[in-house]
Amino acid sequence: MAKQPRLAAGRARALGLPTRGTTNPNRLRRVDRWMVGNAAVREALGPGALVVDLGYGATPVTTVEMAARLRAVRPDLCMVGLELDQERVAAAEHAADPPLLTFRRGGFELAGLRPALVRAFNVLRQYSEADASQAWDGLRGRLAPGGLLVEGTCDEIGRRCCWVLLDESGPLTFTIACKPSDIATPSDVAERLPKALIHRNVPGERVHDLLTALDDCWATAAPYAPFGPRARWVETCRLLAGRGWPVLDDRRRWRLGEITLPWSAVAPAG
């Protein structure tokens with residue numbers, strides 16, 4: 001039988017393990033910007049949509065930022081920040097604006113909520129791959145009909161990020177987002193791969209093939225370096241698509257340091 005994730009202490013029995021709580025203003029700006037521009041996310045955010053930011057950390061700043069950015073799409077959405085640590089919940093109360101923005105104690109059980117969208121960033125790195133997969137399953141099963149989960153990882157200041165978009169049926173897409181001037185090669189983002197992929201960056205796995213191909217395209221795009229790292233990244237993405245990789249986005253997103261592919265392009269081989 002698969003090992004069950006531990007329950008945090010307390011009578012609410014919030015599911016999961018406490019995170020380090022590290023957070024910084026604008027740390028999650030890249031994933032927020034992507035969500036605002038993503039057609040599937042926009043469709044999921046119907047009138048009065050309920051959105052959950054799972055594991056917001058020691059301060060509520062990234063939850064507040066997420067709510068403000070998503071309101072460009074859905075002004076009447078209700079945002080709930082969830083944390084296992086009751087002290088963090090109490091510390092966030094100054095930022096609450098009920099009923100549009102609230103903070104509650106909760107974990108993978110989502111405090112009994114059925115949200116249209118969940119962002120879970122930097123919350124699964126401490127789990128095993130098997131437990132992270134089980135957390136995916138649990139979160140997907142608690143989404144509202146048509147709901148979406150965005151799960152990923154980023155560095156401390158949000159310049160290197162990777163995430164997966166999932167619905168109730170499973171993972172849909174994989175996105176890399178970075179500040180091109182902050183990388184020597186695209187594979188520098190490997191240490192920020194989500195838990196489902198981070199141990200799969202080895203020969204014979206699709207995500208390794210992707211990063212290897214990106215690095216090769218980056219090298220080929222070196223003549224674009226005088227025009228700046230962003231121009232080189234755009235050319236790298238164009239070259240990757242030209243090699244037959246099923247790139248889902250276009251130049252408009254590439255200019256933001258992003259690239260998105262179907263999950264099938266990186267899914268673990270076994």
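A pocket is here an open set of points, on a 1 Å grid over the protein atoms alone, with protein on both sides within 12 Å along at least five of seven lines; lining residues have an atom within 4 Å of a point. The lining comprises 13 residues, of which Trp-34, Asn-38, Leu-248, Asp-249 and Thr-260 are the closest to the centre of the pocket. Two or more lining residues come from each of α1 (29-37), α9 (251-254) and β8 (258-262). By type, the lining of this pocket divides into four nonpolar, four polar and five charged residues. The model is a predicted one, in which local features need pLDDT of at least 70 and side-chain atom pairs count only at pLDDT 80 or more, while totals for chains, interfaces and linings use all residues. Residues are numbered from 1 along each chain as its sequence is written, and side-chain values use heavy atoms, with hydrogens and water left out.

Tyr-224 lies in the loop between α7 (206-220) and α8 (229-242). Its relative accessible area is 34%, so Tyr-224 is classed as partly exposed (between the 20% limit for buried and the 50% limit for exposed). Beyond its neighbours within four places in sequence, Tyr-224 is in contact (heavy atoms within 4.5 Å) with Ala-231, Arg-232 and Glu-235. A C-alpha separation of 9.3 Å is found between Tyr-224 and Val-234, which are ten residues apart along the chain.

For the protein chain of 270 residues, the radius of gyration is 18 Å, in agreement with the value near 18 Å for a compact globule (taken over C-alpha atoms; the rule is 2.2 Å times the number of residues to the power 0.38). The C-alpha trace spans about 60 × 45 × 30 Å along its principal axes. Of the 270 residues, 53% count as buried. Among contacts between residues at least 6 apart in sequence, 66% join residues at least 24 apart.

Methods:
On a 1 Å grid over the protein atoms alone, a cavity is a set of points where a 1.4 Å probe fits but cannot get out, and a pocket is an open set with protein on both sides within 12 Å along at least five of seven lines; lining residues have an atom within 4 Å of a point. Helices (H or I, at least four residues) and strands (E, at least two) are DSSP runs, numbered from the N terminus. Ala, Val, Leu, Ile, Met, Phe, Trp, Tyr, Cys and Pro count as nonpolar, Asp, Glu, Lys and Arg as charged, and the others, Gly among them, as polar. Buried means under 20% relative accessible area, exposed over 50%, partly exposed in between (1.4 Å probe, protein chains only).
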